[in-house]
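Biologist: Please display the sequence and the structure, and then let us discuss the arrangement in question and answer form.

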Amino acid sequence: MATLPDGAPLRGKLFIVEGIDGSGKSTQLDLLHKWLVSKGYLVAFTEWNSSPVVRQTTKRGKERKLLSSTSFSLIHAADLADRIEHYILPALRAGAIVLADRYIYTAFARDVARGVNREWVRAIYNFAIQPTLALYFRVPLDESLQRILVGRPELKYYEAGQDLGLSEDPYESFKLFQGRILLEYEHIVGEFGLTPIDATQALVQQQARVRKLVQPHLKGARKVDQRPWREVLSKEGLHGRYLNSAAQEES
Ligand SMILES: Nc1ncnc2c1ncn2[C@@H]1O[C@H](COP(=O)(O)OP(=O)(O)OP(=O)(O)O)[C@@H](O)[C@H]1O
Ligand SMILES: [Mg+2]
């Protein structure tokens with residue numbers, strides 16, 4: 001069950017994923033999303049740093065390298081506050097399943113790696129909804145780096161943590177920054193009871209585990225009324241394997 005900060009329960013479910021860059025969060029969440037939709041659930045998706053409220057400020061701040069660790073942290077908090085108010089909370093009240101790609105633990109790990117005070121950043125996020133299930137994709141640093149740096153992509157200044165002055169070389173800086181974040185995550189897992197997933201495993205194995213963990217929480221989540229389009233397909237004689245099996249599941 002997802003709960004408000006005061007402990008009041010919400011009908012919907014909030015499943016969130018966490019882990020360092022390249023741990024495979026988005027890949028697994030996308031597969032989970034498709035599975036839940038195929039089972040007929042009403043699903044909403046939201047990702048870190050995507051609120052229109054902070055878009056321009058973030059863009060400008062990043063381009064001109066204006067952001068200090070504290071102001072960067074506050075921008076992310078404003079981003080989540082806006083998404084909770086306008087998207088996550090209404091969806092949960094309606095009984096939807098909300099899938100969040102990164103949540104407050106990203107701030108706890110990343111902002112602290114940037115030098116922000118641990119207690120301060122936790123207190124800032126006291127408005128956040130308690131997730132139903134928080135999955136932590138645990139992967140060794142070398143593995144994640146290999147996954148994302150294969151094509152030598154261009155790393156951006158803040159993404160590489162160059163604002164910390166760890167190294168002039170963006171790749172070296174990125175590695176050191178990600179290493180710090182990984183250490184923070186390892187504290188957070190125990191502190192907040194995140195559920196670890198072995199992210200070195202094959203994609204399919206991980207997805208099987210993710211679904212198994214999610215399954216017990218699905219009771220009461222809202223399903224979408226699929227009758228209208230089923231009827232249309234049926235009238236057109238477009239009965240397929242998926243249509244039939246989904247109809248059986250519903251009955
Ligand atoms: N189990 C896996 N084994 C090997 N490679 C994987 C696995 N899962 C994902 N990948 C690959 O690793 C890369 C990063 O995956 P993904 O984008 O899902 O990570 P992420 O945790 O969302 O990263 P970011 O935090 O940067 O958004 C992709 O190229 C993806 O195809
Ligand atoms: Mg991702």
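This is a predicted model: local features need pLDDT of at least 70, side-chain atom pairs count only at pLDDT 80 or more; totals for chains, interfaces and linings use all residues.

Modeller: Residues are numbered from 1 along each chain as its sequence is written, and chains are lettered from A and ligands numbered from 1 in the order in which they are written.

Biologist: What distance separates the centres of domain 1 and domain 2?

Modeller: Domain bounds come from an automatic or database domain assignment. That assignment gives domain 1 as 12-220 and domain 2 as 225-251. Taken over C-alpha atoms, the separation of the two centres is 36 Å.

Biologist: Which element gives the largest share of the shell around ligand 1?

Modeller: A residue is counted as near the ligand if its C-beta atom, placed from the backbone, lies within 6 Å of it. Of the 13 residues around ligand 1, D21, G24, K25, S26 and T27 come nearest. Two or more residues each are given by α1 (25-38), α6 (141-149) and α8 (203-214), where helices (H or I, at least four residues) and strands (E, at least two) are DSSP runs numbered from the N terminus. The largest share, three residues, comes from α1.

Biologist: How many residues of the shell around ligand 1 are polar?

Modeller: Ala, Val, Leu, Ile, Met, Phe, Trp, Tyr, Cys and Pro count as nonpolar, Asp, Glu, Lys and Arg as charged, and the others, Gly among them, as polar. On this division the shell holds three nonpolar and three charged residues, and the number of polar ones is seven.

Biologist: Against which elements do the buried residues of α4 pack?

Modeller: A residue is buried if 20 or more other C-beta atoms lie within 10 Å of its own, exposed if 12 or fewer, and partly exposed in between, with C-beta atoms placed from the backbone. In α4, 10 of its 10 residues are buried, among them Y105, F108, R110 and D111. Contact requires C-beta atoms, placed from the backbone, within 7 Å. The packing partners of the buried α4 residues are β3, α3, α5, β6 and α7.

Biologist: Why is β5 largely enclosed by the rest of the structure, and which residue of β5 is the bridge partner of T46?

Modeller: Four of the five residues of β5 are buried, so the strand is largely enclosed by the rest of the structure. Two strands pair if DSSP finds at least two bridges between them; β5 pairs in the parallel sense over five bridges with β3 and likewise over five bridges with β4. In β5, the bridge partner of T46 is A100.

Biologist: Which residue of β7 stands opposite R138?

Modeller: β3 and β6 pair in the parallel sense over four bridges, and V17 has L135 as its bridge partner in β6. Four bridges also join β6 to the parallel strand β7, residues 195-198. In β7, the residue opposite R138 is D198.

Biologist: Is K65 buried or exposed?

Modeller: K65 lies in the loop between α2 and α3. Its phi is positive, about 55°, although K65 is not a glycine. Because 10 other C-beta atoms lie within 10 Å, K65 is exposed.

Biologist: How many other C-beta atoms lie within 10 Å of N49?

Modeller: N49 sits in the loop between β4 (43-47) and α2 (52-63). N49 has a positive phi of about 60° although it is not a glycine. N49 is partly exposed, and the number of other C-beta atoms within 10 Å is 14.

How values were computed. Two residues are in contact if their C-beta atoms, placed from the backbone, lie within 7 Å.
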